[in-house]
Amino acid sequence: MVDDSTRKTLSNIPLLQIRAGPREKDVWVQRLKEEYQALIKYVENNKQSGSDWFRLESNKEGTKWFGKCWYMHNLLKYEFDVEFDIPVTYPTTAPEIALPELDGKTAKMYRGGKICLTDHFKPLWARNVPKFGIAHAMALGLAPWLAVEIPDLIEKGIITYKEK
Amino acid sequence: MPYAIDELQEIIGNLRTELVEPIDSGGVNNTRLGRDRVERMSAEVVDSNPYSRLMALQRMNIVKDYERIRDKAVAIVGVGGVGSVTADMLTRCGIGKLILFDYDKVELANMNRLFFTPNQAGLSKVAAAGATLNFINPDVEIEMFNFNITTVDNFDRFLNAISQGGRIAGQPVDLVLSCVDNFEARMAINAACNERNLNWFESGVSENAVSGHIQFIRPGDTACFACAPPLVVAENIDEKTLKKEGVCAASLPTTMGITAGFLVQNVLKYLLNFGEVSDYLGYNALSDFFPKMTLKPNPQCDDSNCLVRQMEFQAKPKPVVVEEKADNEEPLHATNEWGIELVAENAPEINPTSTETPVVGEGLKLAYEAPEKSSETSEETVTTAPPDDASLEDLMAQMKSM
């Protein structure tokens with residue numbers, strides 16, 4: 001269900017400990033710190049292994065996240081805006097990651113450009129509450145989605161390379 | 001044919017007036033306006049009485065005092081394939097008040113389902129539904145909210161609407177119906193109803209459109225949505241033959257209509273106290289199998305409000321079920337010419353604990369394995385978060401500068 005390279009990526013992202021959602025104001029700050037620590041470590045890991053692929057930041061409450069992700073295909077870099085809200089039921093339910101500019105361009109998306117996750121993602125997430133955080137959602141959810149969908153969309157001519 | 005500017009302006013002016021006040025052309029206008037409100041539900045059997053067939057339920061001894069339905073308020077979360085039909089049915093039944101929640105727009109891709117029409121494409125689902133429902137039955141009070149309930153800000157508005165939006169202002173609604181298509185929204189409804197102690201029905205149709213279910217959740221009394229992994233109807237389709245490539249979800253008007261029918265039937269039974277309300281009713285469309293069961297709450301549920309409700313429920317004195325003594329001890333049917341017999345329904349009751357996977361009824365399964373509570377090691381990872389010495393602001397700045 002999870003391939004070896006994803007497994008290795010995952011094992012290098014710190015696990016989180018605090019079970020708190022955005023409605024629990026005080027404890028949520030602690031959880032948010034853990035989220036940032038895990039994300040920073042994950043981005044550092046990616047940089048070291050030459051597979052840097054996203055940046056994220058949040059509003060000061062840590063309830064709205066936004067940033068960029070990119071995918072290399074035939075030596076060209078395709079970049080997309082990423083955004084998601086932290087649901088009230090987080091971390092029991094994972095964030096629904098969206099790529100708004102691809103909304104309507106692929107069937108593997110729900111309204112608003114939310115990516116369609118595999119059948120494996122939710123059970124895996126459920127088994128790892130509250131240890132998995134945003135970094136894990138990116139590694140397990142968005143990364144494999146990009147790897148499957150973007151080459152396909154490029155091949156079909158639905159997305160084209162834009163000089164930045 | 002060339003027109004002068006003033007001629008064109010006159011034409012536009014006339015068209016504009018027509019838009020505001022449609023031309024009275026015989027009976028057409030009357031049909032467009034629908035009917036007037038009625039003050040009381042009448043049992044009079046005349047063609048012009050919109051409630052005659054519903055009030056007949058009283059005469060048939062099915063429902064006592066049908067008109068109580070006008071005192072009831074129901075919140076419907078999700079006005080899609082199941083929710084819109086649910087709202088339609090409750091409106092035709094003369095429900096007192098409906099509160100609709102959805103943040104989606106009507107699309108042509110929705111036309112394989114019931115209720116919405118192509119001319120409504122582009123409108124918000126709540127606005128489109130509100131207009132149609134008001135036209136069908138102007139006696140129903142309709143409140144609409146066009147937002148996603150799972151985000152922090154909207155969740156509070158949602159809580160407020162369901163706990164203050166009853167038929168009597170400031171009172172909670174009588175029931176919340178979940179007609180959403182995703183786990184996140186179901187968990188949000190579950191959290192809200194556990195917190196405010198509101199009874200609700202969960203409903204759903206599988207992504208391959210060949211099964212559906214409804215589940216009645218009474219906080220503390222039956223399992224909440226977080227007590228165990230979602231209970232789904234086993235379809236017995238070989239995973240290998242199930243193709244999901246290139247699409248997120250399939251849907252059929254039949255499965256959705258049937259699920260909405262099950263839902264509203266049980267809502268009516270609950271609101272008007274007749275028959276037996278099902279705790280869980282499933283539908284397997286491939287084999288026409290309808291599993292039923294009851295799921296008890298999990299004493300180790302992750303939702304702290306669920307645990308509070310469980311304690312309250314246990315402390316509450318249980319109503320004593322008075323068995324009606326049959327006046328007539330003689331067999332109901334002395335002869336049985338056709339050899340008809342009753343077969344006991346298999347409706348197992350299960351009690352999930354987090355240590356072992358709950359045993360579910362025949363034809364049902366859990367959506368996935370329940371997470372192990374005590375295990376510290378994950379099968380995927382071993383690292384733990386470093387001790388926190390940096391402030392949140394520092395971390396945010398560090399992340400931003402990467």
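Start by selecting B:Asn273, in the loop between helix H8 (253-271) and strand E8 (280-284) of chain B. You are looking at a predicted model, so treat each stop as part of a prediction. B:Asn273 has a positive phi of about 45°, although it is not a glycine. Why is that worth a stop? Most residues other than glycine have a negative phi. Is B:Asn273 buried or exposed? Exposed is the answer, because B:Asn273 has 12 other C-beta atoms within 10 Å, and a residue with 12 or fewer counts as exposed.

Next, select B:Asn61. This asparagine is not a glycine, yet has a positive phi of about 70°. You will find B:Asn61 in the loop between helix H3 (52-59) and strand E1 (73-77) of chain B. With 8 C-beta neighbours inside 10 Å, B:Asn61 counts as exposed.

**Annotated residues in chain B**

Let us visit two of them.

Zoom in on B:Gly81, which sits in the loop between E1 and helix H4 (83-92) of chain B. How many other C-beta atoms lie within 10 Å of B:Gly81? There are 26, so B:Gly81 is buried; the cut-off for that label is 20 or more. To see contacts from elsewhere in the sequence, leave aside the neighbours within four places: B:Gly81 is then in contact with B:Arg113, B:Val205, B:Ser251 and B:Met256.

Then move to B:Asn148, in the loop between strand E3 (141-145) and H6 of chain B. B:Asn148 is buried too, with 22 other C-beta atoms within 10 Å. Not counting residues up to four places away in sequence, B:Asn148 touches B:Tyr103 and B:Asn154.

**A pair of helices**

Stay in chain B and show helix H6 (residues 152-164) with helix H7 (residues 183-196). At what angle do H6(B) and H7(B) pack? The angle is about 50°, and the axes are 11 Å apart. The two helices are therefore oblique to each other. Turn the view to follow how H6(B) passes H7(B): the crossing is right-handed. To see the contact itself, select B:Phe155, B:Phe158, B:Leu159, B:Ile162 and B:Ser163 on H6(B), then B:Ala188, B:Ala192 and B:Arg196 on H7(B). Colour them by class and you get 6 nonpolar, 1 polar and 1 charged residues.

**Two cis prolines in chain A**

Switch to chain A and select A:Tyr90 and A:Pro91. A cis peptide bond joins them, with omega at about 0°. A:Pro91 belongs to the loop between strand E3 (76-85) and strand E4 (109-110) of chain A. For another cis bond, go to the one from A:Val129 to A:Pro130, where omega is near 5°. A:Pro130 lies in the loop between helix H3 (121-127) and helix H4 (134-155) of chain A. These bonds deserve a look because most peptide bonds are trans.

**Where the chains meet**

For the last stop, show both chains. Here 44 residues of chain A are in contact with 35 residues of chain B. On the chain A side, helix H1 (4-11), helix H2 (25-48), strand E1 (54-58) and H3 each supply at least two residues. Which element gives the most to this side? Select H2(A), which gives 10 residues. By class, the side of chain A that touches chain B has 22 nonpolar, 9 polar and 13 charged residues.

Note on methods: Residues numbered from 1 in each chain as written. Chains lettered and ligands numbered in written order. Predicted model: local features only at pLDDT ≥ 70, side-chain atom pairs only at ≥ 80, totals over all residues. Axes fitted to C-alpha atoms, helices over the stretch in contact; angles between N-to-C directions. Helix = DSSP H or I, 4+ residues; strand = E, 2+ residues; numbered from the N terminus. Parallel < 35°, antiparallel > 145°, perpendicular 65-115°, else oblique. Left-handed = near helix turned anticlockwise from the far one by under 90°. Contact = placed C-beta atoms within 7 Å. Nonpolar A, V, L, I, M, F, W, Y, C, P; charged D, E, K, R; others polar.
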